[in-house]
Amino acid sequence: MFTKKQIIGTSVFFIIFYVCFLASFFYLRRDNPLEFIDLFNMHYLFALNAAFFLGGITAFFAIKKPDLPKVVKQSLVLLGIGSFCMGLGFLSWLTLEVGLGESELYPSIADFFYVAFVPIVVIGLLNLLRIFSFALTKKTISKSILWVAIASFLTIQFGIFSLPEISEDSTLAVTLFDTFYAFTDIVLIAIVVLALSIAGGKIFKGMLIYLFGLGFNVVADLVFFYRIEAGTHAIADIADHIYFLSACVMSAGIYLIAKNFIHPEESTKTQITQ
């Protein structure tokens, strides 16, 4: 699906990005030399950042495919922007923690990118689900609502999500971000459940893989917030491993949505005639 020129251009972009990335961190830490653990964390999160960026680049190359419906191209643009937001979020976090040595990272500019990821991806997926409108019935809607209600109850019951407590020590920004993060993953779970309920076995491979990647992102969020609360979070821990897996799977999903797209109605007709 990609031309040789696009592949070479992407490779050159990442090489230049890596050189600038490395040089900027050595400059930022010129008075406090980087230790081995800093270099490891830098390269690990650079790979994580690059995996999300690759998803964004893939989406913008994919929309040039002439036989893709307009609705799919619109959705790919949104999913691509979402990937860039996550990548910029991790890059901002890394710059603040390792490059500038900041210890108070919440809230920070990274959170604005993380916050932007959710509505952009949700809109992109809902737009993509328009092609499954023929499968939208009262039964599938009821099933989706039921599963989302169960997921919401369990997560709140076991304390995975909790509404923030407003205190004199909490700033407005902290309260707003806490409230947003308390509901973000439930929204993502709702989208995944709705997509799987509407499309079922007829869902095309790329979207299914993307939804798995989104599911891994939800799991990574849960692990991250649990470890933050427990005071055990560190760069390149289990949460970041799952984020990295999520980035790779979502990027693969974006690629396959464009490469193997078959309109679900056409796919169903093909299966019936065979």
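Guide: The model is a predicted one.

Visitor: How many helices and how many strands does the protein have?

Guide: There are nine helices and zero strands.

Visitor: What makes H7 and H8 roughly antiparallel?

Guide: Start with the angle. Helix H7 covers residues 205–230, and helix H8 covers residues 238–259. They pack at an angle of about 165°, with their axes 7 Å apart. Angles over 145 degrees count as roughly antiparallel. Therefore H7 and H8 are roughly antiparallel to each other.

Visitor: Is their crossing left-handed or right-handed?

Guide: The crossing of H7 and H8 is left-handed. By class, the contact of H7 with H8 has 21 nonpolar, five polar and three charged residues.

Visitor: Why is H2 called roughly antiparallel to H3?

Guide: Use the angle again. Helix H2 spans residues 36–62, and helix H3 spans residues 70–99. Their axes come within 7 Å and cross at roughly 165°. That angle makes H2 roughly antiparallel to H3, because the cut-off is over 145 degrees.

Visitor: What is the hand of the crossing between H2 and H3?

Guide: H2 passes H3 in a left-handed crossing. The contact of H2 with H3 divides into 20 nonpolar residues, seven polar and one charged.

Visitor: Now to single residues. Why is Phe2 called partly exposed?

Guide: Phe2 lies in the segment before helix H1, which runs over 4–28. Its relative accessibility is 26%. Buried means under 20%, exposed means over 50%, and partly exposed is in between. So Phe2 counts as partly exposed.

Visitor: Which residues does Phe2 contact, leaving aside its neighbours within four places in sequence?

Guide: Phe2 is in contact with Ile7, Thr58, Phe61, Ala62 and Tyr255. Take Tyr255. Phe2 and Tyr255 are 253 residues apart along the chain, yet their C-alpha atoms are separated by 9.9 Å.

Visitor: How do you know that Asp185 is buried?

Guide: Asp185 is found in helix H6, residues 172–199. Its relative accessibility is 1%. Buried means under 20%. So Asp185 counts as buried.

Visitor: How far apart are Asp185 and Asp221 in sequence and in space?

Guide: They are 36 residues apart in sequence. From C-alpha to C-alpha, Asp185 and Asp221 are 7.7 Å apart in space.

Visitor: What makes Ile191 count as buried?

Guide: Ile191 also lies in helix H6. Its relative accessibility is 8%. The cut-off for buried is under 20%. So Ile191 counts as buried.

Visitor: What does Ile191 contact, leaving aside its neighbours within four places in sequence?

Guide: Ile191 is in contact with Val122, Leu125 and Leu126. As for Val121, its C-alpha atom and that of Ile191 are separated by 9.8 Å. These two residues are 70 apart along the chain.

Visitor: Back to the whole protein. What share of its residues is buried?

Guide: Buried residues make up 45% of the 274 residues in the protein.

Visitor: What share of the contacts with a separation of 6 or more comes from residues 24 or more positions apart?

Guide: Such residues account for 79% of those contacts.

Visitor: And what about the surface?

Guide: The accessible surface of the protein comes to about 14600 Å². Carbon and sulfur atoms hold 69% of that surface.

Key:
Residues numbered from 1 in each chain as written. Predicted model: local features only at pLDDT ≥ 70, side-chain atom pairs only at ≥ 80, totals over all residues. Heavy atoms only, no water. Helix = DSSP H or I, 4+ residues; strand = E, 2+ residues; numbered from the N terminus. Buried < 20%, exposed > 50% of the residue type's maximum accessible area, 1.4 Å probe, protein only. Contact = heavy atoms within 4.5 Å. Areas by Shrake-Rupley, 256 points an atom, 1.4 Å probe, with all protein chains shown as cover. Axes fitted to C-alpha atoms, helices over the stretch in contact; angles between N-to-C directions. Parallel < 35°, antiparallel > 145°, perpendicular 65-115°, else oblique. Left-handed = near helix turned anticlockwise from the far one by under 90°. Nonpolar A, V, L, I, M, F, W, Y, C, P; charged D, E, K, R; others polar.
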